[in-house]
Amino acid sequence: MKTVIAFSGGKDSTLAIYKIQQNPEYEIDSLLVTLTEGFDRVSIHGVRHELLKKQSESLGIPLREVWIPQECSNEMYQERMERAVSDMLEDGITHMVYGDIHLQDVREYREKMLSGTGITPVFPLWDRPVGELGREFIDLGFQTVITCVDMDQLDRSFAGRVYDEAFIKDYPEETHDICGENGEFHSFVFDGPNFGFAIGYELGEERVTQDMGSGRDRFLYRDLVPV
């Protein structure tokens, strides 16, 4: 089954790749990623395009890039994604894999977007306990660094940290999702069992962006500089 992975560069979509790679029925064609024009970075996660390309090279899976404008309306986003789906159909894609875990509204959106296209959505991590998934990710040998923190939910000190046992020990797991499924944080995976090589980086500057509704400082991004 010719398959595309919805990829952000973060830990859940990377773990979804790993799970699909264990099933010989799937042939991974490419990684579908959304990037923001002008910033030259992965949308939401804020990771440089250069590092994304390194991930693609290390994983041995080519990218399918969807570029969106900085002020992207829902209509524009939908138009760009529909174009990407059309391209996938022309290439014979039959399945689309997502790293979602438990957000039902997000899953329903994905299913609606692909409804009637002939492409079947697949959710290999769905309904797994988040604590179990987080520890499995570490035990498998994956390494990821936190690139963005929602300061309404987490302390800013988590930005730039590696997701490891010490991170989990410090994390307010009783009240927050350890996989960041509710938007607590976003990440960049720089090594793992399905990587050909580790991706080098240094921590760069911090940048704070505002909440669109209130205008308050809310999202803290920690830049990753390729080395």
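Trainee: Hi! Which residue is the bridge partner of Cys 148 in β8?
Mentor: His 186 is the β8 bridge partner of Cys 148. Keep in mind that we are looking at a predicted model.

Trainee: Okay. How many bridges join β7 and β8, and in which sense do they pair?
Mentor: There are six bridges between β7 and β8, and the pairing is antiparallel.

Trainee: And what about β7 with β10, how many bridges there?
Mentor: Three bridges, again in the antiparallel sense.

Trainee: Changing topic, which residues touch the most other members of the largest nonpolar core?
Mentor: Tyr 163 and Phe 188 do, in a core of 46 residues. Elements giving two or more residues to this core include α1 (11–21), α2 (49–59), β7 (143–150), β8 (185–191) and β10 (217–226). α1 gives the most, with five residues.

Trainee: What does Phe 188 touch, leaving out residues up to four places away in sequence?
Mentor: Its contacts include Leu 51 and Gln 55, along with Gln 143, Thr 144, Val 145 and Thr 147. Gly 9, Val 47, Ile 199 and Leu 224 are also on the list.

Trainee: Which residues are in the second core?
Mentor: That separate core has 16 residues, among them Ala 6, Val 66, Met 113 and Ile 119. As background, nonpolar side chains tend to be buried together in soluble globular proteins.

Trainee: Back to α2, which of its residues are buried?
Mentor: His 49, Leu 51, Leu 52, Gln 55, Ser 56, Ser 58 and Leu 59 are the buried ones. Two of them, Leu 51 and Gln 55, are also touched by Phe 188.

Trainee: And what covers those buried α2 residues?
Mentor: The cover includes α1, β2, β3 (41–42), β4 (63–68), β8 and β10.

Trainee: Last one: which residue just after α2 takes a positive phi?
Mentor: Gly 60 does, with a phi of about 75°.

Technical notes. Residues numbered from 1 in each chain as written. Predicted model: local features only at pLDDT ≥ 70, side-chain atom pairs only at ≥ 80, totals over all residues. Heavy atoms only, no water. Core = buried A, V, L, I, M, F, W, Y, C linked by side-chain atoms within 4.5 Å. Buried < 20%, exposed > 50% of the residue type's maximum accessible area, 1.4 Å probe, protein only. Helix = DSSP H or I, 4+ residues; strand = E, 2+ residues; numbered from the N terminus. Contact = heavy atoms within 4.5 Å. Pairing = 2+ DSSP bridges.
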